[in-house]
Each structure stands twice: as C-alpha cells, then as structure tokens.
Amino acid sequence: MIKKILQSIKIIKVGDWFIIILFCALIIIITKLLWNLPQGEYLEIYKNNEILAVYSLNQKITKIINGEKGETKITIDNGKVRFSSAPCAKKYCIHQGWINKANQIIICIPNKISISISGGKKNYDSINY
Amino acid sequence: MTLSTINITDRDHQIAKLSAIAVALSLVEFFFPSPIPGVKPGIANIIILYTIFKFDLRMGIWVSIIRVFVTSIILGSFLSPTFFLSLSGALFSLLSLIIFKNLSPKYFSLISFSLIASLAHIIGQFVIVRIWIIPHNGIFYLLPIFIVSAFIFGLVTALITNKLLQLNSKK
C-alpha cells in the first residue's frame, strides 16, 4: 500500500508541484478575499418590519422584546447575538445560532421579530443573494 | 454531376469511439446524485485527457466538443442554460490547454494540464453564470467551494488517466 502511494507520488514532476502549490495559494487567497465579511457593530431589532431599537454589540446583555405571540429573548454577547428564547413553534430563529457579521439576519416570522447586524462595509445578505 | 464522397479515416473512427465512451460516462454521472448541488466530478474528462495524451490535442478538442453536444441532445438540455454552462466550461478548458500546450513535458506531467484545465473550466462557468444566468456579484461567494472541488477532481482525473495510460502502454 505504502509502496503504491510512493509510486503515484513519483509521477508528480517538479513543474506539477509548482502548479499544485500555485493552485493551493490561489484557493487560500480567493477564500480569504471572498469569505472575509466585516464584523458588525450594531444590532437592529425589528418588529412588524419597523425598527424598534438599536443596540451596540459590545456588551453582554439579554433583551426581552414583546412580539405578536409573546416574549422573545435576544442575547448579545460581546460582538455576537442570538435568539435565546422565542414563543414560536419551530424555533428556527433559535437554531440559527449566533450571528456576528455585518448584514447577517435572523427572522422569527410567527412572532414578527427580526434582527440584523449593521456596521462595517455593506455586503451581500441572504435576501439579496 | 459530381459525386462528393466523404473519406472516413481511422482517425475519425477513433474520435467516434472515444466520444461514445465520454458521452456514456457523462450520462452515468448525470444519473448519480451529487452530494453538493452543482459539484460534479466530471469523469468524462478522463477520456478527454486520455485522448490528448494518447493521440494529440486536436483529437481531444473534437472529443470534448462532440461530448458536450451529444450529451445535451440525449438529456434534452440542448441550447438550455445547462448546455451553455457545459460548453463554456469545455471551451475555456480547451483554450487553456492550447495556451499551455508548450509546457515542457520534462517538468510538467498531465497532472499540471489537468489542474489548469479544471481551473479554466470553473472560470468559464462562472463567467457565463455572472453574465447571463445570475447577474449578481453574490455568486462569487460560492467560488471557493467550486475551486476546491476543481482542485480535487482535477487531481483525481489526472491520476486515473495516468493509470489508464500506463495500463495501455503495457499491452
């Protein structure tokens, strides 16, 4: 088995290694360039599509918002934010977990509460996409 | 009245046979679901790479273009977006191979050519997607996934083709 692997490595020539390394470098550069979204600075909370409040993300606090169906708890933890409790049935909003990048959003349709992060440079969100 | 005759050479037979295998492999691939939507291994490229190294680049170009057209006609996607994606990928790959055909075989084996062609294939498809199918910069967010898969499948294709050429030269 090891002999076979060694044999298959032997057919890779000098120029091939050069191309392989170049290719890997390209992968790393492109991934860094395209997947490096700016960190958000502010949390915007929306109720019925109207902005309810704006909080800084640089704090550790849990906010309680009264929505259509009941209380939603939104937890801010130094730069990231999540739904920690919601009255909806499926809890999609909670399962989305933490978000921390600019223009990321979480929407809870049953309770008509949504949050989005602003700040940093404008970027593509899932709605635009 | 003049009769025009078409001379069918051995070379034409060779191209037809290889194209048939390439089309068959494309169809096999079509019926297997891919784990990630949009990512396909492109096993027909083994045949095209094999053709280029066993015979020459001209023949590889023929097999590649015939494969794109025949596969799309069989699957009913001729002149649809899928067809143009496939065609632009193939054309960009072939173009890259034409550009880089003078790389010395002393230092570069078919692994290099396979990787260059697979990268060109992805670039070709993204050009079509960006200009025509989804004219939005948001699609570039997916580029890393496709480039990584191009690297993996380009390498695997090259290794399989290499094995095939070795087996063939032993006979």
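**View 1. A:Asn49 sits in the loop between β1 (42–47) and β2 (50–56) of chain A.** This is a predicted model, in which local features need pLDDT of at least 70, side-chain atom pairs count only at pLDDT 80 or more, and totals for chains, interfaces and linings use all residues. Residues are numbered from 1 along each chain as its sequence is written, while chains are lettered from A and ligands numbered from 1 in the order in which they are written. Strands (E, at least two residues) and helices (H or I, at least four) are DSSP runs, numbered from the N terminus. Have a look at the backbone here: phi of A:Asn49 is near 70°, a positive value in a residue other than glycine. Most residues other than glycine have a negative phi. A:Asn49 is exposed, with 7 other C-beta atoms within 10 Å; exposed stands for 12 or fewer such atoms, buried for 20 or more and partly exposed for anything in between, with C-beta atoms placed from the backbone.

**View 2. A:Asn78 lies in the loop between β4 (71–77) and β5 (80–85) of chain A.** Here too phi is positive in a residue other than glycine, with a value near 40° for A:Asn78. The residue is exposed, as 11 other C-beta atoms lie within 10 Å of A:Asn78.

**View 3. Helix α2 (residues 44–54) of chain B is largely enclosed by the rest of the structure, because nine of its eleven residues are buried.** Among the buried residues of α2(B) you will find B:Asn45, B:Ile48, B:Tyr50 and B:Thr51. Their cover includes α1 (10–31), α3 (57–75), α5 (110–133) and α6 (143–170) of chain B.

**View 4. α3(B) packs with helix α4 (residues 81–99) of chain B at an angle of about 175°, their axes 10 Å apart.** Axes are lines fitted to C-alpha atoms, for helices over the stretch in contact, and angles run from 0 to 180 degrees between N-to-C directions. The angle makes α3(B) roughly antiparallel to α4(B), a term for angles over 145 degrees. Residues making the contact (C-beta atoms, placed from the backbone, within 7 Å) include B:Ile61 and B:Val68 of α3(B) and B:Phe83 and B:Leu94 of α4(B). They divide into ten nonpolar, three polar and no charged; Ala, Val, Leu, Ile, Met, Phe, Trp, Tyr, Cys and Pro count as nonpolar, Asp, Glu, Lys and Arg as charged, and the others, Gly among them, as polar.

**View 5. Chain B meets chain A through 19 of its residues, in contact with 18 residues of chain A.** On the chain B side, α5 and α6 each supply at least two residues, and α6(B) gives the most, with seven. This side of chain B has 15 nonpolar, four polar and no charged residues.

Key
Contact = placed C-beta atoms within 7 Å. Parallel < 35°, antiparallel > 145°, perpendicular 65-115°, else oblique.
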